[in-house]
Amino acid sequence: MSDKTNQQWGGRFNEPTDAFVARFTASVEFDQRMYMQDIRGSIAHAKMLTKAGVLSETERDDIIRGLGEIRVEIERGEFEWSIELEDVHMNIEAALTKKIGITGKKLHTGRSRNDQVATDIRLYLRDEIDLILSEITRLQQGLLEIAEREADTIMPGFTHLQTAQPVTFGHHLLAWFEMLSRDFGRFEDCRERANIMPLGAAALAGTTYPIQRDYTCELLEFSAPAENSLDAVSDRDFAIEFCSASSILLMHMTRMSEELVLWTSAQFDFINLPDRFCTGSSIMPQKKNPDVPELVRGKSGRVYGHLMSLLTLMKSQPLAYNKDNQEDKEPLFDAIDTVKGCLRAFADMVPALESKKESMRAAALRGFSTATDLADYLVRKGMPFRDAHEVVGKSVAYGIEQNKDLGEMTLDELVQFSDTIEADVFEVLTLEGSVAARDHIGGTAPDQVRAAVKRGQSKLAERT
């Protein structure tokens with residue numbers, strides 16, 4: 001073997017790897033972020049090899065000590081990463097061998113980079129999902145706080161972005177809470193399926209050494225070892241599933257972002273975003289741009305792209321491991337970083353939202369938002385709903401012509417459309433009456449909003 005071939009795998013090669021190919025195939029520039037997981041996996045592997053009689057206790061202790069020193073060097077920024085050593089795994093192994101001698105070369109006994117990287121990615125993703133779950137919870141807590149504060153704040157509810165019925169700002173924000181609750185569940189499910197240990201599958205067919213996978217599994221806190229060695233090293237479903245859950249989360253956040261952008265506009269004027277979450281214009285001095293929600297809205301595209309990238313990466317791959325799979329990390333890592341950044345921005349920003357109550361109320365008074373309440377009133381008086389629908393439609397047409405909302409009409413004006421209408425009609429034509437009338441679980445009544453907040457708080461408390 002040439003002195004210039006890779007010492008970890010170059011035994012059957014007669015010439016060194018081309019310099020460009022070395023750079024092209026190396027992954028250390030992006031996979032070094034998994035150093036903690038790689039070291040943790042190696043320590044567990046060393047302990048298992050000792051238990052299996054492959055390593056002595058002294059060798060195990062030397063390996064653990066050396067890996068601990070390497071971790072400190074990495075965290076201090078003193079570790080020198082080498083492209084020639086390709087990836088995080090071989091960089092750490094080479095440094096360990098240099099530090100403790102021949103014992104470092106024994107660490108790789110009974111494992112391959114194939115099951116090693118599959119284990120590292122799962123460990124890394126598991127840790128990152130835990131952080132994401134924490135940020136979702138923090139954002140939801142902020143939503144509950146502002147929803148409780150705004151339980152009585154009336155605003156128009158929309159369908160087709162047209163005024164539909166009055167709701168409250170608190171009720172609207174609880175809809176966001178429900179979206180995030182489903183996202184939380186998806187990431188929990190993803191974590192469960194990611195928490196399967198590939199280590200022990202070796203390159204693709206297991207190992208002849210007397211390894212004890214259950215012991216390694218326990219040390220690394222996996223729920224179970226992978227059942228099939230071929231699938232263990234080649235599966236990337238967990239990464240695809242993470243990007244799928246991330247895409248749905250970002251889709252939800254784009255819906256929130258779009259509403260925030262609309263609500264801060266002069267045309268809506270429903271809320272105020274604190275200055276620290278906005279930027280100005282280089283030419284228009286009056287501008288206050290909602291950059292945070294706009295950027296979150298834009299970042300959804302890159303996460304959607306990562307999902308498609310991973311699906312395409314795995315399409316048609318034969319069993320077992322292929323070099324293609326090195327391309328799984330950059331999209332996965334960027335999706336993780338993007339999701340965490342978006343969640344942090346929202347979790348910081350949402351509790352600081354300030355509602356403009358008068359603007360919201362004025363908007364709810366426009367667009368005949370109590371029309372459905374009038375129809376329900378007529379039904380309660382004995383009129384068939386379709387007839388009530390027609391009566392209210394005619395009264396709305398009259399209101400458009402006269403530039404009057406239903407609540408602004410006199411009793412005489414309303415009676416001309418149906419003599420069923422009486423003086424008590426004005427009780428249902430007020431915004432407060434309309435909101436309060438929907439007094440059921442999931443309804444808009446302020447007391448129901450507060451009750452939903454309490455249920456939400458209980459749900460969050462169960463997570464801790």
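Phe169 and Trp263 are both buried, a class defined as under 20% relative accessible area, with exposed meaning over 50% and partly exposed in between (1.4 Å probe, protein chains only). The structure is a predicted model, in which local features need pLDDT of at least 70 and side-chain atom pairs count only at pLDDT 80 or more, while totals for chains, interfaces and linings use all residues. Residues are numbered from 1 along each chain as its sequence is written, and side-chain values use heavy atoms, with hydrogens and water left out.

Across the whole structure, eight aromatic pairs are found. One of them joins Phe169 and Trp263, whose ring centres lie 5.6 Å apart with planes at 75 degrees, so the arrangement is edge-to-face. Phe169 belongs to helix 8 (residues 169-194) and Trp263 to helix 11 (residues 237-264), so this pair ties together parts that are 94 residues apart in sequence. Phe268 and Phe270 also form an edge-to-face pair, with centres 5.3 Å apart and planes at 80 degrees. Pairing here applies to rings of Phe, Tyr and Trp (its six-membered ring) with centres within 6.5 Å; planes under 30 degrees apart are stacked, over 60 edge-to-face, and the rest tilted. Helices (H or I, at least four residues) and strands (E, at least two) are DSSP runs numbered from the N terminus.

Phe270 is buried at 1% relative accessibility. Together with Phe158 and Phe268, Phe270 forms one aromatic cluster.

Two rings carry a charged side chain over the face. Arg463 lies over Phe184 at 3.6 Å from the ring centre, and Lys51 lies over Tyr215 at 5.0 Å from the ring centre. The criterion is NZ of Lys or CZ of Arg within 6 Å of the ring centre and within 35 degrees of the ring normal.

**Salt bridges**

Side chains of opposite charge can pair when their charged atoms come close. The structure as a whole contains 34 salt bridges, each defined by a side-chain nitrogen of Lys or Arg within 4 Å of a carboxyl oxygen of Asp or Glu. In one of these, Glu69 pairs with Lys99, and the closest N and O atoms are 3.5 Å apart. Glu69 is in helix 4 (residues 57-75) and Lys99 in helix 5 (residues 88-100), so the bridge ties together parts that are 30 residues apart in sequence. Glu69 and Lys99 are also members of a salt-bridge network that links them with Asp62, Arg65 and Glu73.

Two further bridges lie within single helices. Glu75 and Arg71 meet with an N to O distance of 2.9 Å; both are in helix 4, four residues apart, about one turn of the helix. Arg450 bridges to Asp447, with the closest N and O atoms 3.4 Å apart. These two residues are three residues apart in helix 19 (residues 446-463), a separation of about one helical turn.

| Residue | Relative accessibility | Class |
|---|---|---|
| Glu69 | 31% | partly exposed |
| Lys99 | 31% | partly exposed |
| Glu75 | 45% | partly exposed |
| Arg71 | 35% | partly exposed |
| Arg450 | 29% | partly exposed |
| Asp447 | 58% | exposed |

**Loops and backbone geometry**

Most residues other than glycine have a negative phi, and most peptide bonds are trans. His160 and Leu161 have positive values: phi of His160 is about 55 degrees, and phi of Leu161 is near 60 degrees. With 77% relative accessibility, His160 is exposed.

The peptide bond from Leu319 to Ala320 is cis, with omega near 5 degrees. Ala320 is placed in the loop between helix 12 (291-314) and helix 13 (329-349).

Ser27 occupies the loop between helix 1 (19-25) and helix 2 (28-31), and is buried at a relative accessible area of 4%. Leaving aside residues up to four places away in sequence, Ser27 touches Glu86, Asp87 and Gln326, where contact means heavy atoms within 4.5 Å.

Ala423, by contrast, is exposed at 53% relative accessibility. Ala423 lies in the loop between helix 17 (411-415) and helix 18 (431-437), and its C-alpha atom is 6.6 Å from that of Leu411, twelve residues away along the chain.
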